[in-house]
Amino acid sequence: MRRPLLGLAAAFGLGCLLTDGEAGPREVVALLALAGALVGLALAARAGRRAWAAALGGALALGSAAAAVEGLRLDSVSLRQAARRAEAGASPARLLGVVRGDALERAGVLVLSIDAEAVEVAGRLEPCAGRARVEVGGESAKPRLLDGDRVTAWVRLRAASQAEGVRGGFAAFGYCKSARLLERRDGDRSVRTAAARLREAARGAFARSMPPGTERGLVLAMVLGDRSEVDEATAEAFRASGTYHVLALSGAQVALVAGLLVGGLRWLRVAPWGQAAVTALVVGLYALLVGGDVPVVRAALMASAVLAGRALEVDTDVPNLLGL
């Protein structure tokens with residue numbers, strides 16, 4: 001096959017989709033054994049349709065096992081168990097943790113993801129782990145929360161279902177009825193936090209240099225991935241025209257950064273391996289700066305793979321890279 005990685009990735013993804021997350025440890029072991037046996041058959045056959053069919057079957061089984069393992073991991077997450085206790089007692093919980101990703105406010109509701117460190121239910125505070133998606137309502141002014149900020153919030157917790165947990169990565173969902181019940185504490189010190197502070201400084205620069213309005217909202221969305229200032233009418237116009245994807249950071253922005261860098265490095269007569277190393281580092285930092293969402297990380301990895309391939313004088317095949 002000219003594009004083996006594309007087929008294997010499709011089979012792996014299909015295996016993930018076919019698994020509902022309810023499999024137990026025995027099923028996981030069986031799937032892993034099946035995947036190993038099929039890969040062994042593929043290696044024994046070496047080439048031909050039988051080898052390819054066995055490899056695809058192995059990828060399918062491995063994808064199912066991966067989704068099942070994610071479901072088992074979710075069952076053991078202590079935050080999910082704490083949320084179940086809070087639900088059973090119909091009592092609010094005090095959630096302590098670290099914000100992951102910049103909080104986004106739309107239509108008066110602040111949405112944030114919190115990596116839990118501890119939770120208090122019915123007066124009992126205990127350490128826990130897991131990620132919660134929290135919505136903060138009410139009329140009080142919402143704080144500006146960035147990736148890495150530590151917060152404490154009184155919330156109504158709900159344990160995530162298996163499907164919600166496997167698909168979205170959340171162990172629990174919470175609702176905080178007022179920003180007055182949300183307290184910001186000291187932030188952590190990490191590269192992600194530094195990137196969040198730099199991202200906030202860039203927002204401030206745009207705010208100082210551009211008047212409020214649709215244009216500034218579009219620039220923030222297309223450069224930093226911040227869609228908080230894109231009004232619903234503008235967003236709907238982009239959806240209707242089929243161009244809403246330009247408001248989400250993806251391969252286009254990474255390709256622009258990589259293209260400018262490679263062009264400049266070629267002009268400076270930098271060797272191909274130097275071009276690959278510098279560009280991979282810069283697009284990686286850019287992906288971190290804008291929040292590290294999956295499309296941007298994927299594009300940064302693909303750009304790095306393309307440049308490494310060119311340095312090795314290997315032909316580039318875009319569908320195969322997408323499979324990678």
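Which residues make a nonpolar surface patch of about 240 Å²? Phe 12, Leu 32 and Leu 62 do. Patches here are made of residues with over 30% relative accessible area and no salt bridge, with like charges joined within 9 Å and nonpolar side chains (Val, Leu, Ile, Met, Phe, Trp, Tyr) within 5 Å. Accessible areas come from the Shrake-Rupley method with a 1.4 Å probe, and for residues only the protein chains shown count as cover.

Some ground rules. This is a predicted model, where local features need pLDDT of at least 70 and side-chain atom pairs count only at pLDDT 80 or more, while totals for chains, interfaces and linings use all residues. Residues are numbered from 1 along each chain as its sequence is written, and side-chain values use heavy atoms, with hydrogens and water left out.

Now the overall picture. The protein has twelve helices and eight strands; these are DSSP runs numbered from the N terminus, helices being H or I with at least four residues and strands E with at least two. Of its 324 residues, 38% count as buried. Buried means under 20% relative accessible area, exposed over 50%, and partly exposed in between, with a 1.4 Å probe and protein chains only.

Next, salt bridges, meaning a side-chain nitrogen of Lys or Arg within 4 Å of a carboxyl oxygen of Asp or Glu. The whole structure has 18. One of them joins Glu 120 and Arg 94, at 2.7 Å from N to O. Glu 120 lies in strand β3 (109-121) and Arg 94 in strand β1 (93-99), so this pair ties together parts 26 residues apart in sequence. Glu 120 is buried, at 16%.

What does Arg 100 form with Asp 147? A salt bridge, with the closest N and O atoms 3.0 Å apart. Arg 100 is in the loop between β1 and β2, and Asp 147 in the loop between β5 and β6, so the pair ties together parts 47 residues apart. Arg 100 counts as buried at 17%, and Asp 147 is buried at 4%.

Last, Arg 185 and Glu 117 meet at 3.7 Å, N to O. They link strand β8 to strand β3, 68 residues apart. Arg 185 is partly exposed at 29%, and Glu 117 counts as partly exposed at 31%.
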